Amino acid sequence: MRTSIAPALAFLLASAAPLAAQPLHQFTGLVIAPAGDRVASVESAQEPDALVASHGAIVVRGASDGHVLARIDPCKVCDYSALAYGPDGQLVFVARDRRAGTATLMLLSGRDARRLATVNGLAADTRWSPDGRSIALLVTIGAQKETGAVQAGTRQVGEIGEANDEKRIAVVPASGGTLRTISPPDRFVYEFDWTPDGKGFVATTAKGNGDVNWWVATIDAIDAATGAVRTITAPAAQANFPRISPDGQTVAFIGGLMSDFGSVGGDIWTVPFAGGVAKDVTPGYRGTFTSLQWDKGGGGIRTTALLGDQAAVVPVDPAGGAGEPLWTARAKVDAEGGGAAFAKAGTMAMVAQDYEHAPEIFAGPVATPVQITTDNGAYRPIVSARSITWKSGGHDVQGWLLAPRGAVATTGRAPMITVVHGGPAAAVTPEFLWKGDDAALIAAGYWLFYPNPRGSYGQGEAFVAANKRDFGGGDLKDILAGIDAAERVAPIDDARLGLKGHSYGGFMAMWANTQTDRFKAIHAGAGISDWISYYGTNGINTWMIPYFGKSLYEDSKPYWDISAIQFIDRAKTPTLITVGERDIEVPPSQSLEYWNGLKTHGVPTSLVIYPDEGHGFHDPAHVADERQRVVEWFDRYLRGR
């Protein structure tokens with residue numbers, strides 16, 4: 001059954017008043033109780049582009065009508081995360097005190113929260129044992145940095161590579177008590193799931209540095225009593241969501257070409273828990289699976305997927321492959337641990353949004369979830385959005401075209417900025433636009449174009465793999481053809497085109513400057529200018545092997561062939577460059593190389609390196625500064641201001 005969130009939200013727009021500075025209600029970490037009668041999430045009210053982060057509280061709601069049943073906020077200085085319902089409907093969560101450097105596992109008892117255990121460091125991914133007597137979670141005791149390669153790295157001083165954070169499985173009795181670490185210290189655990197008998201776990205793990213080694217991680221069995229590790233399979237591609245069947249015989253996971261941990265996409269694979277060769281049970285599927293969960297009452301798998309421009313819930317039979325979608329919508333959907341949270345009773349819950357509708361909670365039967373919150377009912381959209389498709393190089397390519405609200409009724413041709421997503425294995429999905437660079441550009445009168453060129457999720461693994469050893473080749477052709485398609489359906493001024501992107505999008509911005517003169521202004525965020533120097537200086541170079549086939553040290557030619565710095569004498573477009581000082585994924589030296597090259601050839605340019613920032617910026621002052629610079633840069637070169 002195909003549905004849309006738009007009808008459920010449209011009634012809100014008719015009476016809404018435009019409130020530019022109104023806080024947006026946020027729902028994160030959504031979970032649903034096993035009986036399907038309650039949902040819980042961390043809720044907060046965030047002002048657009050606020051300079052101070054908002055404090056959230058855990059809110060429990062009735063799943064049928066969204067009525068607030070409880071509001072839990074035991075620590076006014078803490079951030080809440082890792083919500084998980086137990087088999088009997090108990091709720092646990094992690095309260096993190098950043099100032100104290102601690103993370104506390106807490107259990108909701110009635111309307112009160114009780115402490116179970118505290119670690120000095122980080123804690124995440126709480127999971128109840130099948131019998132409800134224990135809770136497992138991932139802990140990083142004495143963490144030197146936030147978990148993940150996108151976070152700011154530690155200072156590179158002293159003997160490099162000798163000390164790494166250890167992310168381990170730990171278990172705490174549900175009644176409280178001593179936290180016991182299970183997995184060995186030399187294994188970084190990325191994800192895990194209990195076995196049905198409660199005697200162990202399946203997990204994706206790798207030895208050594210957790211930031212770099214996910215791309216060579218294996219799927220392992222870990223004994224809950226001894227911590228002994230047994231490799232189940234070493235996937236040929238990246239793997240996410242290892243989940244074991246109710247009978248304990250089969251492990252399912254999402255396998256595919258993924259360029260970033262946490263940006264999940266691929267086919268559904270299975271492998272015997274006893275070990276063996278993994279099997280792709282959805283080969284050739286024209287979509288991308290993004291999360292999975294075994295049906296508790298049988299041997300089927302419930303997944304979320306991206307099908308072109310739509311989010312979907314898709315059943316998968318391990319023996320027969322994917323079935324017809326149970327639900328679809330042109331929306332972005334989210335919940336703790338995936339795109340939707342499923343209950344035993346055949347119900348689901350999720351936070352859904354699109355470009356024109358602010359996030360709200362939806363819950364109910366899988367085929368017909370309904371909106372149960374109206375907290376953002378007063379928010380009017382600032383854009384009109386449409387999905388467009390075009391042909392390029394034998395591919396059907398999709399993207400999103402956004403206009404300032406009401407702009408379609410104006411006369412004259414407008415400037416447009418193309419925004420290239422990171423990855424490259426990722427996709428742009430509809431997200432309510434209300435803050436940040438892009439909202440500021442819309443407010444300034446720019447149209448925005450978000451293409452999903454080859455290498456993106458949504459059209460199957462062959463499409464994701466179509467830019468192997470071809471970065472900046474076919475995908476740039478797709479983007480330029482998409483701009484032509486946008487100009488055919490909208491009043492776009494081809495003489496006033498801008499380009500921006502971050503990470504892989506930053507590479508595309510730097511690269512495009514040397515390949516085409518179509519753009520009149522560019523913003524390159526955390527871009528790669530020289531794949532030769534990048535390989536030896538970034539902290540995650542194992543991600544490149546699946547794309548390039550061999551390391552730089554074995555075959556340097558494909559790395560140099562797509563290095564913008566090789567063609568820097570062709571660059572003519574004024575370029576703003578921004579990057580974080582402690583970026584692990586794309587070190588600031590890449591931006592310095594490019595900036596120096598542009599300066600040498602007389603191209604207008606500006607480089608800003610933000611102190612203590614990683615691959616993504618977190619300091620609100622830095623975010624605000626970059627936003628202002630971006631708008632001013634495009635105004636200067638696209639409007640002559």
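Guide: Let's begin with one word: a residue is buried under 20% relative accessible area, exposed over 50% and partly exposed in between, using a 1.4 Å probe and protein chains only. This is a predicted model, where local features need pLDDT of at least 70, side-chain atom pairs count only at pLDDT 80 or more, and totals for chains, interfaces and linings use all residues. Residues are numbered from 1 along each chain as its sequence is written, and side-chain values use heavy atoms, leaving out hydrogens and water.

Now to the rings. The structure holds 33 aromatic pairs (rings of Phe, Tyr and the six-membered ring of Trp with centres within 6.5 Å; planes under 30 degrees apart are stacked, over 60 edge-to-face, the rest tilted). One of them joins phenylalanine 471 and phenylalanine 507, a tilted pair with 6.5 Å between centres and 55 degrees between planes. This pair bridges distant parts of the chain, 36 residues apart: phenylalanine 471 lies in the loop between helix H4 (461-464) and helix H5 (474-489), while phenylalanine 507 belongs to helix H6 (residues 504-515). Helices here are DSSP runs of H or I with at least four residues, strands are runs of E with at least two, and both are numbered from the N terminus. Phenylalanine 471 and phenylalanine 507 are both buried.

Arginine 639 places its charged end over the ring of tyrosine 446, 4.2 Å from the ring centre (the rule asks for NZ of Lys or CZ of Arg within 6 Å of the centre and within 35 degrees of the ring normal). Likewise, the charged end of arginine 127 sits over phenylalanine 192, 5.7 Å from the centre of that ring.

Before we leave, glance at the cysteines. There is one disulfide (cysteine sulfur atoms within 2.5 Å), and it joins cysteine 75 to cysteine 78 with 2.0 Å from S to S. The link of cysteine 75 and cysteine 78 is right-handed, with 60 degrees about the S-S bond. Cysteine 75 has 16% relative accessibility, so cysteine 75 counts as buried; cysteine 78 has 5%, so cysteine 78 counts as buried too.
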